[in-house]
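Thanks for asking me to look this over with you. Please have the sequence and the 3D view open while you read.

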Amino acid sequence: MADVVVKEGKVLPFIFRHPWVFRGALQEVVGPYQNGDVVRVIGPRHEFIAWGWINEHSKITVRLISFQEDFEERDWFLQKLENALHLRKRVLKLDKVTNSYRLVHSEGDGIPGLIVDKYGEYLVVQVSSLGLNRLIPVLVERLSRESWVRGIVRRDDPVMCRMEAMEPVEETLYGEDLPERFLVEENQLLFEVDFRRCQKTGFYLDQRENRRFLASFVEGDIYALDAFCYTGGFAISLAKAGAGKVVAIDSSRDALEQLKKNAQLNGVSNIVGVHDNVFRSLERYLYERELFDIIVLDPPKFIPNKRSFEKGYAGYKKLNRRAISLVRSGGLLLTCCCSQIMQESSFTRMLAEAAGEAGREAMILARNFQPADHPVSISCPEGGYLKTFLLKIF
Ligand SMILES: C[S@@+](CC[C@H](N)C(=O)[O-])C[C@H]1O[C@@H](n2cnc3c(N)ncnc32)[C@H](O)[C@@H]1O
């Protein structure tokens with residue numbers, strides 16, 4: 001087993017258990033290794049720091065997994081899985097509010113590169129760190145012991161895999177393959193997922209609480225806009241809560257087809273699906289002076305890396321400026337940002353600039369983050385990606 005020596009002056013973050021060792025922090029690797037192996041990470045005076053998985057093809061050359069000197073990989077992994085199951089089942093008691101949630105959230109659950117989403121009796125697994133491949137049989141062995149599990153399917157995200165120089169895998173790991181269609185039950189609403197034509201692992205599970213939260217503000221016959229609606233998570237929640245009419249825009253025809261079915265499933269007929277680019281639709285509404293009581297903006301990630309910060313920031317600002325202009329005085333804007341690199345302070349500044357440029361006043365009523373089944377490690381704040389502000393606009 002190899003020892004990875006961290007440079008003098010670069011040790012502190014790892015003492016505080018930050019799990020990412022970038023190439024620039026490494027002094028040398030002593031001993032033979034293969035990418036994906038467990039390595040011992042030590043300081044310049046050979047003091048023990050942590051155990052990690054090495055991959056020289058990744059910018060994060062070592063992912064730290066355990067800070068206990070006494071370490072056995074299989075036991076470590078099983079304990080982390082146990083903790084993750086306990087959190088969702090016993091602490092958060094998520095089965096009471098939904099049949100679909102995130103069971104393992106990568107660094108947030110102390111297992112770098114592992115996502116497991118639960119859709120009823122099926123588990124969708126995404127792997128994005130090389131060392132984890134060795135533990136997939138252990139994952140299957142443990143999760144298949146849960147009596148409710150009917151199928152475990154691996155569906156890696158090709159973009160995440162590319163960053164680790166890994167081939168993405170798509171295979172059934174245990175039991176049945178995913179059904180073609182599945183009904184997500186959330187906040188007493190139903191959303192059908194078509195696993196052959198879906199985004200993420202199927203559904204945006206991270207917006208569950210925000211959908212319920214926003215619906216609680218619906219009062220009377222309001223006019224709402226769900227921009228970047230996907231299969232109608234927010235639109236249907238608003239319509240079900242009594243909104244008079246909801247316009248829902250997305251650039252994906254598949255998502256809009258599914259939205260139509262989801263509206264029927266929930267017995268709502270006042271949602272108008274629009275297939276368009278949101279930027280263009282908002283411009284048209286501005287030209288037509290059409291105003292809304294509630295607007296939801298839940299765009300995709302505009303800032304995938306540091307290099308694209310300025311361009312992405314400008315995109316968010318343009319979008320929010322238009323949306324703020326389209327909220328009638330006294331109305332609400334729920335605005336989201338899933339770019340991890342845009343931190344809360346930058347998001348707040350961007351919104352202030354957007355409101356200023358729109359010539360409107362905005363009041364923050366709530367600042368929400370990702371739900372607790374997407375936890376963030378205190379040592380790795382980079383795991384916190386979702387920011388959702390509720391603004392009252394005047
Ligand atoms: C973060 S998801 C929205 C999730 C949704 N709010 C929900 O609760 O399920 C972003 C959505 O934006 C859509 N999209 C991406 N770029 C777009 C654009 N320029 N105009 C319209 N839709 C776009 C994607 O198809 C995707 O459905």
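My notes follow as numbered points, on the ligand site, a surface patch and the salt bridges.

1. A word on the model. This is a predicted model, where local features need pLDDT of at least 70 and side-chain atom pairs count only at pLDDT 80 or more, while totals for chains, interfaces and linings use all residues. Residues are numbered from 1 along each chain as its sequence is written, and side-chain values use heavy atoms, with hydrogens and water left out.

2. The ligand's surroundings. Start with the 16 residues around the ligand; a residue is counted as near if one of its heavy atoms lies within 4 Å. The closest are Gln 199, Arg 211, Asp 250, Val 278 and Asp 298. Sorted by class, this shell has eight nonpolar, four polar and four charged residues. Here Ala, Val, Leu, Ile, Met, Phe, Trp, Tyr, Cys and Pro count as nonpolar, Asp, Glu, Lys and Arg as charged, and the others, Gly among them, as polar.

3. In the side chain of Asp 298, an N or O atom is 2.7 Å from a nitrogen atom of the ligand. On its own the ligand has 600 Å² of accessible area (Shrake-Rupley method, 1.4 Å probe), and the protein covers 89% of it.

4. The structure holds 33 salt bridges, each a side-chain nitrogen of Lys or Arg within 4 Å of a carboxyl oxygen of Asp or Glu. In one of them, Arg 150 pairs with Glu 176, with the closest N and O atoms 3.1 Å apart. Arg 150 lies in the loop between helix H3 and strand E10, and Glu 176 in the loop between strand E11 and strand E12, so the pair ties together parts that are 26 residues apart in sequence. Helices (H or I, at least four residues) and strands (E, at least two) are DSSP runs, numbered from the N terminus.

5. Buried or exposed? Asp 276 and Arg 284 also form a salt bridge, at 3.5 Å from N to O. Asp 276 is buried at 10% relative accessibility, whereas Arg 284 is partly exposed at 34%. Buried means under 20% relative accessible area, exposed over 50%, and partly exposed in between (1.4 Å probe, protein chains only).

6. A linked group. Do find the network of salt bridges that joins Glu 180, Arg 181, Glu 192, Asp 194, Arg 196 and Arg 197.

Definitions and conventions:
Polar contact = N/O pair within 3.5 Å; in protein donor to acceptor, adjacent residues only side chain to side chain.
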